[in-house]
Amino acid sequence: MQTWKLSQQDKIELFVNRLDSVESVLPYEYTAFDFCTVDAEKRPSENLGQVLFGERIEPSPYKFSFKQKEECKHVCTKSYNTEKAEDKANLDFLKKGMLLNYQHHWIMDNMPVTWCYDVEDNQKFCNPGFPIGCYVTEAGRPKDACVVNSDFNDKDTFYIFNHVDITIYYHVVETESAVARLVAAKMEPKSYKQAKPDTPDCTGPPMSLSNKFKGEISIPYTYSVQFLEERNIRWASRWDYILESMPHTNIQWFSIMNSLVIVLFLSGMVAMIMLRTLHKDIARYNQMDSVEDAQEEFGWKLVHGDVFRPPRKGMLLSVFLGSGTQIFIMTFVTLFFACLGFLSPANRGALMTCAVVLWVLLGTPAGYVAARFYKSFGGEKWKTNVLLTAFLCPGVVFADFFLMNLILWGEGSSAAMPFGTLVAILALWFCISVPLTFIGAYFGFKKASIEHPVRTNQIPRQIPEQSFYTKPLPGIVMGGILPFGCIFIQLFFILNSIWSHQMYYMFGFLFLVFIILVITCSEATILLCYFHLCAEDYHWQWRSFLTSGFTAAYFLVYAVHYFFSKLQITGLASTILYFGYTMIMALIFFLFTGTIGFFACFWFVTKIYSVVKVD
């Protein structure tokens with residue numbers, strides 16, 4: 001937080017962040033384009049979350065003095081000669097940036113410098129970025145920001161926003177009369193050709209650049225700045241004007257109501273089964289005293305001697321459960337902190353940093369859960385189990401991430417992680433997460449095996465022919481629909497914040513949806529589990545994991561639909577990156593939902609078999 005003394009001409013710094021585009025997944029550093037730069041100054045240090053998201057904040061040559069108005073101040077002039085290879089490459093890159101609508105992101109006192117303009121219904125939209133320039137097509141159709149000015153009308157021509165009008169709003173602190181704080185910084189991009197580039201006057205036609213241009217050209221960069229006192233905005237609520245202009249809070253309420261209806265419907269079904277059917281079953285089973293009655297056992301009691309039989313591929317299931325537990329606790333704690341306001345958009349990169357650090361520190365529960373269940377499944381190869389828990393799921397995510405990083409690096413994008421950060425992440429994984437997983441597994445194996453309420457028979461029981469609905473696949477496919485129905489609206493906003501660079505700040509809603517998702521996954525899985533046990537099919541372990549885990553398959557389908565219907569991403573690299581990162585998200589989501597389903601079903605099965613009398 002900066003404060004300025006009213007009497008002095010305090011310096012105000014403007015920082016520039018990476019440039020990004022809705023039409024490309026590749027962000028670029030400010031210095032990748034040939035803009036005005038400042039000689040070596042100390043750059044602010046980024047945290048882990050910012051580096052992972054490709055943010056690169058650098059000092060800029062735009063320097064202001066408090067309350068000192070500037071008109072058409074010259075920053076620098078960039079000259080190009082298309083016959084020189086380097087100049088031509090720089091100019092082509094600038095054109096590419098305008099064609100793909102790359103946006104500047106400027107920061108002043110940790111606030112984005114916004115460009116506010118009117119959209120439909122007299123609403124104001126405040127964009128935390130502004131474009132480099134825009135393009136008018138060969139057919140004479142203005143693209144993106146070219147619609148703002150009727151002078152942008154030459155065909156097959158680029159227009160560069162080389163002038164900015166900045167307005168800085170400040171608020172005088174009541175208690176300390178001589179101090180002011182910045183509450184908003186707004187700007188408007190303009191384009192001027194400037195008759196005399198070195199002594200600009202900011203009048204005349206726009207700065208145009210024909211697509212087929214050859215020869216020499218100079219682009220002067222200028223700015224104007226003015227200061228206005230704003231008495232109504234408090235410093236604490238200075239982000240509100242940006243967030244209020246973001247659309248669709250009412251859709252959120254609609255989505256929450258939609259999710260709650262699903263939850264009530266499911267809870268009603270589960271309650272009916274639990275209270276009526278199960279209560280009847282248990283009463284009837286426990287009244288069977290005579291031997292003749294016992295011969296005629298039916299329903300879920302029949303499989304009591306097999307229900308805790310270890311599943312096939314128990315090793316893999318236990319490893320998935322360990323990783324899923326780790327992800328579940330990480331998500332819960334991160335969202336809880338975000339709800340309390342610790343991870344707001346003002347703390348850049350805090351959300352990602354928090355998630356990564358938590359994940360690293362939660363190796364112990366992962367090792368413990370995996371070891372406990374592996375032991376209860378009768379597994380002997382405990383070393384393999386520990387190693388797989390520590391390396392399998394994180395390894396797959398890291399391998400995918402590393403491949404994506406190679407593509408980003410090849411494209412020269414700022415989102416490519418520096419080698420040092422990659423080493424740091426590997427160090428966190430190998431030196432902290434892995435030893436913690438080993439410690440968790442040690443305690444998991446030391447503890448006595450999980451006590452089951454009923455004994456397992458020596459000879460496995462034969463499973464009768466199943467109807468279509470109780471076969472594994474239809475149940476698994478149906479099980480994922482309801483949890484997905486609860487989250488898909490929220491998912492739209494999350495994908496928007498990742499790919500369309502919109503700010504995400506509705507963590508209260510997200511936490512609510514998270515709780516609803518957990519309840520829905522649990523209830524859908526318990527319901528299907530009960531039907532399968534009644535059909536005398538006792539293979540519930542993998543099925544419960546896959547039933548709620550199948551939500552991730554719907555998530556993948558939705559991500560593909562979102563890519564084709566909502567995004568204008570072009571280029572092979574961007575497409576590969578989109579699907580590469582989506583795969584990581586889907587895997588994490590699969591482990592997360594699958595684990596919820598398994599634990600719900602495990603609790604349910606243990607509960608019902610512990611209250612029924614078994615000879």
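User: What makes the residues that Thr 167 touches count as contacts?

Analyst: Thr 167 touches Ala 184, Ala 185, Lys 186, Gln 226 and Leu 228, leaving aside residues up to four places away in sequence. Contact means heavy atoms within 4.5 Å. The model is a predicted one, in which local features need pLDDT of at least 70 and side-chain atom pairs count only at pLDDT 80 or more, whereas totals for chains, interfaces and linings use all residues. Residues are numbered from 1 along each chain as its sequence is written, and side-chain values use heavy atoms, with hydrogens and water left out.

User: What joins the side chains of Thr 167 and Gln 226?

Analyst: A polar contact of 3.5 Å links the two side chains. The term requires a pair of N or O atoms within 3.5 Å; within protein, one must be able to donate a hydrogen and the other to accept it, and residues adjacent in sequence count only if both atoms are side-chain atoms.

User: How do you know where helix α12 bends?

Analyst: The bend at a residue is the angle between axes fitted to the seven residues ending there and the seven starting there. At Phe 488, helix α12 (residues 481-499) bends by about 50 degrees. His 501, which follows α12, has a positive phi, near 55 degrees.

User: Which residues lie nearest the centre of the largest pocket, and which element gives the largest share of its lining?

Analyst: Val 22, Tyr 117, Phe 125, Asn 127 and Gln 502 lie nearest the centre, among 38 lining residues. Elements that give two or more residues to this lining include β10 (115-118), α3 (240-245) and α12. The largest share, three residues, comes from β11.

User: What makes residues of the second largest pocket's lining nonpolar, polar or charged?

Analyst: Ala, Val, Leu, Ile, Met, Phe, Trp, Tyr, Cys and Pro count as nonpolar, Asp, Glu, Lys and Arg as charged, and the others, Gly among them, as polar. By these classes, the lining of the second largest pocket has eight nonpolar, three polar and six charged residues. Its largest share, four residues, comes from α14.

Key:
On a 1 Å grid over the protein atoms alone, a cavity is a set of points where a 1.4 Å probe fits but cannot get out, and a pocket is an open set with protein on both sides within 12 Å along at least five of seven lines; lining residues have an atom within 4 Å of a point.
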